[in-house]
Amino acid sequence: MGQLENTLVATATQVAVTLQGADFIDDNQVNVRFRDPDDVVNAFLQGQRFFIRVIDQREGLVIETSEPYQVDISPQARNVNAGYETLPLRDTAIMMRVYTLPLEGYPLALQVGVSLAEVNATQALIFWMIASALLLTVLLGAGSGLFLASRALIPIHAITRIARQIGERDLTQRITLNRVDDELGQLALTFNTMLDRIERAFQHQQRFTADAAHELRTPLSIMHIGVEVILSQERTPAEYRAALDSIQEEVRRLTALTVGLLTLARADSHRLTLHRDLVDFSMLIRTVIDQIAPIAEHKNIDIQRDILPEVRLEADEERMIQLALNLIENAVKYTPEGGLITVTLTQTSGQVRLTVADTGTGIPPEHLPHIFDRFYRMDRSRSRDNGGFGLGLAIAQHIVQLHGGEITVVSQVGVGTQFGVTLPTS
Ligand code: ADP
């Protein structure tokens, strides 16, 4: 049963109660008057087109009605059982939903009818009310969604703006969001950390380029001046030869510098590839020492070898020679006459250890952390005489790291320096 039928039954029942209690209902002389049906009905059918009427079931006549609506007396009106029907309002297209309630003990039936048009109108009204409420909810939802989204986007706009401002030359800017706990705070933090790294790398690169340019300039200026002087007047063949010798020396230095720069540039761009082979490391170290021995002898420096034989290792032979040469050459360079260099090679499970110790000048503690930096030299003026650019240890460190190893240094001024290289055997 629908809501409408419920209302009709409730209305009919209420009205019937008032009728049945009334003493003016006479069995023979049917004479019914509604006292004030509106009182009851208003509560149910307020504002709707309705009627309440009493029908004499014997005659099939309307004997009292609340409204003068013309609705036919149907067979249901004379039925002894209660029931519903839909009847037209005469001469109109309006349909009425009618409920017939026979009044017990009397040949009478109470009919309550309500216009479906108005019910439909009410339904339509309710429909529109619900639809408008829905629309309003959707609009409000969309509006507040937009508002919240635009608020949420403020920090993203800030990040985008700063990211745009960060140019190639200004890497100092950082995103300042006073939120650490949420995702955007984390994003800003990650972004700033990434900028720190890029800025450091950029500064590193700038320093490297400036240092490289500076190092290239010195031999070029020396050659330039040398050529200018020699060409300023006629020279003897011996003088030309001396000038060319000096130029050749500078060319040698320039070549060494260029090779070093190229190695580091390749390492930076991860293009420094290793050609690994099984290398007899013991033999390799001995050969390198033999190569340097004449220079050491010249300085009256003794090289002690404590080399475990047949230490083999998967490595790039060329690079290993470069590494050993650099460490042993340095030891000779920075050890005064009459000093001692000890080269040891040992092996433990899975590891090879090479140490090069000298009784040289030593490295003061403040220089130690920078010793593997590119172009780092403790004494720039002296190292030119020694032929160094400060690239050797940086390259050595790259070689060791590429082989998955580690290089360390311990030193004491006036006592000596020891470099230690640990390499995995496989
Ligand atoms: P360089 O070509 O100048 O020797 P390196 O990178 O090989 O460049 O070394 C960097 C600096 O470290 C050197 O200039 C020197 O000051 C210091 N150094 C390297 N090895 C030794 C050593 N065995 N004893 C003392 N100082 C050293």
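How many bridges join β11 to β12, and in which direction do the two strands run? Seven bridges join this pair, and the strands run antiparallel.

## Basis of the model

This is a predicted model, in which local features need pLDDT of at least 70 and side-chain atom pairs count only at pLDDT 80 or more, while totals for chains, interfaces and linings use all residues. Residues are numbered from 1 along each chain as its sequence is written, and side-chain values use heavy atoms, with hydrogens and water left out.

## Overall content

The protein has nine helices and 12 strands. These elements are DSSP runs numbered from the N terminus (helices: H or I, at least four residues; strands: E, at least two). Of its 426 residues, 38% count as buried, where buried means under 20% relative accessible area with a 1.4 Å probe and protein chains only. Among contacts with a separation of 6 or more, 61% come from residues 24 or more positions apart; a contact means heavy atoms within 4.5 Å.

## The mixed sheet

Five strands make an open sheet with mixed pairing, in the order β7-β9-β10-β12-β11. Two strands pair if DSSP finds at least two bridges between them. The edges are β7 (302-307) and β11 (406-412), each of which pairs on one side only. On average, neighbouring strands of this sheet are turned by 10° against each other, direction ignored. Helix α6 (residues 281-298) packs on the sheet and touches β7, β9, β10 and β12 (416-424). The direction of α6 makes about 175° with that of β7; such angles run from 0 to 180 degrees between N-to-C directions, with axes fitted as lines to C-alpha atoms, for helices over the stretch in contact.

Strand β9 (residues 340-348) runs antiparallel to β10 (residues 351-358), and eight bridges join them. Within this pair, T344 has T355 of β10 as its bridge partner. Eight bridges also join β10 to β12, again antiparallel, and V352 is partnered by L423 in β12. Seven of the nine residues of β12 are buried.

## The antiparallel sheet

A second open sheet holds five strands in the order β2-β1-β5-β4-β3, with antiparallel pairing. Its edge strands are β2 (61-65) and β3 (83-88), each pairing on one side only. The twist from one strand to the next averages 30°. Six bridges join β3 to the antiparallel strand β4 (residues 95-103), and P88 stands opposite M95 in β4.

## Packing of α7 and α9

Two packed helices are described by the angle between their axes and the distance between the axes. The axes of α7 (residues 317-333) and α9 (residues 392-402) come within 9 Å and cross at roughly 140°. That angle makes α7 oblique to α9, because angles under 35 degrees count as roughly parallel, over 145 as roughly antiparallel, 65 to 115 as roughly perpendicular and the rest as oblique. The crossing is left-handed, meaning that the near helix is turned anticlockwise from the far one by less than a right angle.

From α7, the residues R319, M320, Q322, L323, N326, L327 and N330 meet G392, L393, I395, A396, I399 and V400 of α9. By class, this contact has eight nonpolar, four polar and one charged residues. Ala, Val, Leu, Ile, Met, Phe, Trp, Tyr, Cys and Pro count as nonpolar, Asp, Glu, Lys and Arg as charged, and the others, Gly among them, as polar.

Key. Buried means under 20% relative accessible area, exposed over 50%, partly exposed in between (1.4 Å probe, protein chains only).
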